[in-house]
Amino acid sequence: MIEIKGLFKQFNNVQVLKGIDLIVKEGEKVVILGPSGSGKSTLLRCINYLETPTKGEIKINGHSFENGDKKNKEKHIAQLRTEVGMVFQRFNLFHHLNAVDNVMAALVTIKGLSKPEARSIAEANLKKVGMLEKAKNFPSQLSGGQQQRVAIARALAMNPKVMLFDESTSALDPELVGEVLRVIKNLAEEGMTMVMVTHEMKFAKDVADRIVFMDNGIVIEEAPPEIFFNNPTTERANQFLLQESY
Ligand code: ADP
Ligand code: MG
């Protein structure tokens, strides 16, 4: 589903990603761990083209967006974003729109659906994350956990093939983390292909098919969770696990 080969990303003079190879199969759940600044967010942002790679290839579902002719680049990227949904640390909902309008917006503007069609898809996805009763609420009338569930519904409404989560519970009060993790876990159980960055080690252990450990712009370890957490092979991963409390 995702095929990354020799990915490099440089900002100004700083190499942030230094040759990443990663394959994620359909239905697989990959958790990316690693110290702050190791390039995890940059990697996710490259996957849905919020950042343009300096070098390397990324294929989503067999399509490479590198080699598309320049003229169609915008169209390619818009198409890619409907296939790859992303949920960030901050909920970034449109604060002037209520929950259902937030979920509908891109269905109308990007997918070109009629309002009634968009509304029915939006409501189905709000229901899925347990937020249908709050469909008329504005973001300011929702808790952080509820806003994040709306953000997940908004990504799901586009019917993506892959979902990316970048520390999607890190900005939440501790008592709100569980409701969001539960929604993400349900999605995993339904078979969604997912790549997640998280500091929730228990969750990572529970949901991941594979842990990818990054340090300093490269992948230094890759293993199923039961092996990674019990027997990390690198000193760096070992140190990281000792620091994370779980
Ligand atoms: P992580 O998510 O693992 O904490 P990031 O991918 O956010 O790491 O960042 C990796 C490095 O890239 C950091 O040193 C960060 O300062 C740098 N970086 C990230 N985005 C930019 C940017 N837009 N411009 C310049 N440097 C950036
Ligand atoms: Mg990050």
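Leaving aside its neighbours within four places in sequence, which residues is Gly85 in contact with?

Reply: Gly85 is in contact with Ala155, Pro160, Val162, Met163 and Leu164, once you leave aside neighbours within four places in sequence (contact means heavy atoms within 4.5 Å). Keep in mind that this is a predicted model, in which local features need pLDDT of at least 70 and side-chain atom pairs count only at pLDDT 80 or more, while totals for chains, interfaces and linings use all residues. Residues are numbered from 1 along each chain as its sequence is written, chains are lettered from A and ligands numbered from 1 in the order in which they are written, and side-chain values use heavy atoms, with hydrogens and water left out.

Gly85 belongs to strand E6, residues 84–87 (strands, E, of at least two residues, and helices, H or I, of at least four, are DSSP runs numbered from the N terminus). With a relative accessible area of 7%, Gly85 is buried (under 20%; exposed is over 50% and partly exposed in between, using a 1.4 Å probe and protein chains only). For a sense of scale, Gly85 and Met214 are 22 Å apart in space, C-alpha to C-alpha, and 129 residues apart in sequence.

Val84 is in strand E6 too, and with a relative accessible area of 1% Val84 is buried. Not counting residues up to four places away in sequence, Val84 touches Ile47, Asn48, Ile60, Pro160, Val162 and Leu164. Pro160, Val162 and Leu164 also turn up among the contacts of Gly85. From Val84 to Met201 the C-alpha distance is 24 Å, across 117 residues of sequence.

Now follow Asn48, one of the residues that Val84 touches. Asn48 is found in the loop between helix H1 (40–47) and strand E4 (55–60), and at 4% relative accessibility Asn48 counts as buried. Besides Val84, Asn48 touches Leu80, Arg81, Met86 and Leu164, again not counting residues up to four places away.

Tyr49 is worth a click while you're in that loop between H1 and E4. Phi of Tyr49 is near 65°, a positive value in a residue other than glycine. Most residues other than glycine have a negative phi. Tyr49 is also buried, with a relative accessible area of 8%.

There's another positive phi to look at: Glu167, at near 45°. Glu167 is found in the loop between strand E7 (162–166) and H6, and Glu167 is buried, at 15% relative accessible area.

Ile152 touches Val87, Val129, Met163, Phe165, Val180, Val183 and Ile184, not counting residues up to four places away in sequence. Of the 52 residues in the largest nonpolar core, Leu33, Ile152, Phe165 and Phe228 touch the most other members (such a core is a set of buried Ala, Val, Leu, Ile, Met, Phe, Trp, Tyr and Cys residues joined through side-chain atoms within 4.5 Å). Helix H6 (residues 174–189) supplies the largest share of this core, eight residues. A second, separate core has 27 residues, among them Ile20, Leu43, Ile60 and Val197.

Ala155, from the contact list of Gly85, takes you to helix H5 (144–157). The axes of H4 and H5 come within 9 Å and cross at roughly 135° (axes are lines fitted to C-alpha atoms over the stretch in contact, with angles from 0 to 180 degrees between N-to-C directions). That makes H4 oblique to H5 (under 35 degrees is roughly parallel, over 145 roughly antiparallel, 65 to 115 roughly perpendicular and the rest oblique).

In H3 (residues 99–109), Ala99, Val100, Asn102, Val103, Met104 and Leu107 are buried. What covers them includes H4 (115–128) and H5.
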